[in-house]
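Thanks, everyone, for making the time this morning.

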Amino acid sequence: MSVVPSMPWDVFCTVIDNYGDIGVTWRLARQLAREHDIPVRLWVDDLAAFRHIRPEIDPALDTQHLAGVEIRRWTSPLAAAEPGEVVIEALACDLPDEFVARMAAHSPPPVWLNLEYLSAEDWVAGVHGLPSPHPRLPLNKYFFMPGYTDQTGGLTRESGLSAERDAFQSAAGRPSSGSWCTDVAEDAIFFPPEELPADALRVSLFSYQNRALPSLLQAWASGGQAVHVMVPLGKAMPEIAAWFGEPMPSPGSVWRRGALTLRVLPMLDQDAYDRLLWSCDINFVRGEDSFVRAQFTARPLVWQAYVQNDDAHLAKLDAFLDRYCANLEAPLTALTRTFWRAWNEQADLGALWPRLRAALPALTAHARAWDTELAAQTDLATNLLTFCRKWLK
Ligand code: TRH
C-alpha cells in the first residue's frame with residue numbers, strides 16, 4: 001500500500017518528558033515500515049529515552065536500524081539529508097529551519113504533517129486535515145489528528161493485534177497454566193506462578209505521582225481477595241515505597257501487606273509491556289500510548305491523564321468517558337466516571353474500589369465491546385497513507 005516505496009518518509013520526534021512521545025512515534029514508524037513497506041527515517045532527539053522502551057537502541061550511534069526503520073540522532077544543526085516525500089512532525093515538535101528550507105526547495109514539496117496528540121474531544125474532527133500555510137515559504141502543513149471517529153485520523157493499531165492478543169489471552173488463561181508471567185519477559189523476575197492464588201486479581205499500575213495511591217493500596221490490602229499488582233519503576237514509586245515504609249526498591253522487589261502483593265518491575269520493552277497489559281484483569285495507565293494500548297486489551301482500565309494547564313486534561317478525560325460509556329448502562333457509567341475522576345483529582349478511593357472490583361465482570365464485557373468497535377475503525381497508518389496519496393498524485 002505504499003505511495004512510492006523507494007522514497008523515504010521523515011518522522012521527527014522530540015522527547016518532551018517521560019516515554020509517550022517516543023512511544024507513540026515509534027509505534028507508528030514501525031508500522032509504516034512493517035505493514036506498508038515505507039522506508040522510514042525516524043529522527044529522535046533523545047535516544048536514551050528511546051532505549052527505555054527499546055533496549056536495542058544504542059544512544060551513542062548517529063544512525064542505526066531497528067525493525068526496518070532507520071533511526072537518526074536529531075542533532076542541531078541537523079545532519080544533511082534530503083527530505084523524503086512525506087515529513088511528519090510527531091506530537092507538534094518543531095522542525096529545524098534548515099530542513100524546512102530544504103523542503104521548500106523541492107518541487108513538488110513533501111507532504112508535511114503535524115501529527116497531534118490524541119483527544120476524544122469533538123473539535124478534533126473539525127481540525128483534522130486542515131492546512132496551515134507557512135508564513136514565508138510555499139509550503140502547507142496539514143493537521144493530522146488521531147481520534148475515535150471516521151472524521152479523524154484514527155488510532156495506531158497493528159493489523160494482527162486482535163488475533164495476537166486473543167491467542168495470548170486464551171493461552172495464558174488463568175495462572176494455573178503457569179505461562180502468563182514468564183511470557184511477559186524472559187528473565188522471569190515476575191510472579192512465580194505457584195505464588196499466585198487462582199482467584200487473585202491481576203493488576204498493572206503505571207501512573208504519575210498521585211495522592212490517591214495510599215487509599216488504593218490500602219483498599220487492595222484490606223480487601224477479601226488477593227490482589228497482585230505489577231508496578232514498573234518510575235514516578236509512582238516514591239509514594240508506594242513510603243506507604244510500605246520501605247526505601248526505594250530495585251526491580252524484582254516484592255512487598256506484601258494483607259491481601260496485597262506488589263511486585264516492582266524494570267521498565268519493559270514496549271512489546272513486553274503490551275503483553276503485561278494483556279495479562280492483567282485491570283490496568284492503570286497514563287499519558288497517551290499506554291492509555292491506548294490498555295483500550296486494546298479488551299479488559300477494564302483506569303486512566304490518569306497527563307496534567308495540562310487550566311485543567312484541560314479533565315476536559316479530555318470527560319470527552320473520552322462520553323464516548324467510552326456511550327453504550328454502558330447508567331450505574332456502571334456513573335461508577336466509571338466517579339472512579340476515574342477521583343483518580344485524576346487524587347481523591348480517596350477507599351470506598352470506591354470495592355464497588356469497582358464488584359463491577360469488573362460487567363466492565364470486562366464492556367471493555368471487549370469497546371475494543372471490537374475500535375478494531376473496526378481504519379487505523380492511523382492506513383489513514384495517513386490515504387491522506388498523503390491525495391497530495392502526492
Ligand atoms: O510516559 P508517559 O507519561 O508519556 C507522555 C509524556 O509525558 C508526554 O510528554 C505526554 O505528552 C504524553 O504522555 C501524553 O505515558 P505514555 O504515553 O503511556 O507512554 C509510555 C510509553 O512507555 C508507552 O509507549 C508504553 C511504554 N512502556 C514500556 O515500553 N515499558 C514499560 O514498562 C512501561 C511502563 C511503559
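Let me begin with Ser-279, which lies in helix α9, residues 270–279; helices here are DSSP runs of H or I with at least four residues, strands are DSSP runs of E with at least two, and both are numbered from the N terminus. Ser-279 counts as buried because its relative accessibility is 3%, where buried means under 20% relative accessible area, exposed means over 50%, and partly exposed is what falls in between, with a 1.4 Å probe and protein chains only. Between Ser-279 and Arg-165 there are 114 residues in sequence, yet their C-alpha atoms are 9.5 Å apart in space.

Before going further, a word on the source: this is a predicted model, in which local features need pLDDT of at least 70 and side-chain atom pairs count only at pLDDT 80 or more, while totals for chains, interfaces and linings use all residues. Residues are numbered from 1 along each chain as its sequence is written, and side-chain values use heavy atoms, with hydrogens and water left out.

For a contrast in exposure, look at Ala-330, which is placed in helix α12, residues 330–344, and which counts as exposed because its relative accessibility is 60%. Ala-330 and Ala-200 are 130 residues apart along the chain, and 28 Å separates their C-alpha atoms.

Now to a pair of arginines. Arg-27 sits in helix α1, residues 20–36, and Arg-293 is found in helix α10, residues 289–295. Are these two buried or exposed? Arg-27 counts as buried at 1% relative accessibility, and Arg-293 is buried as well, with a relative accessible area of 2%. Leaving aside neighbours within four places in sequence, Arg-27 is in contact with Thr-156, Glu-158, Gln-270, Asp-274, Asp-289 and Arg-293, contact meaning heavy atoms within 4.5 Å. Arg-293, not counting residues up to four places away in sequence, touches Arg-27, Thr-156, Glu-158, Leu-161, Asp-274 and Leu-277.

Helix α7, residues 213–222, and helix α8, residues 237–244, meet at an angle of about 50 degrees, with their axes 10 Å apart; the axes are lines fitted to C-alpha atoms, for helices over the stretch in contact, and angles run from 0 to 180 degrees between N-to-C directions. That angle makes α7 oblique to α8, since angles under 35 degrees count as roughly parallel, over 145 as roughly antiparallel, 65 to 115 as roughly perpendicular, and the rest as oblique. Which residues of α7 meet α8? They are Leu-213, Pro-214, Leu-217, Gln-218 and Ala-221, and on the α8 side they meet Glu-239, Ile-240 and Trp-243. As for α7 as a whole, seven of its 10 residues are buried, among them Leu-216 and Trp-220.

That brings me to the sheets. In general, strands of a sheet pair through backbone hydrogen bonds, either parallel or antiparallel.

Strand β5 (residues 86–90) pairs with β6 in the parallel sense over five bridges, with Ile-88 opposite Leu-113 in β6. From β6 (residues 111–115), four bridges lead on to β8 (residues 140–144), again in parallel, and there Leu-113 stands opposite Tyr-142. Strand β7 (residues 131–133), by contrast, runs antiparallel to β8, with three bridges, and a hairpin of six residues joins the two.

Technical notes: Pairing = 2+ DSSP bridges.
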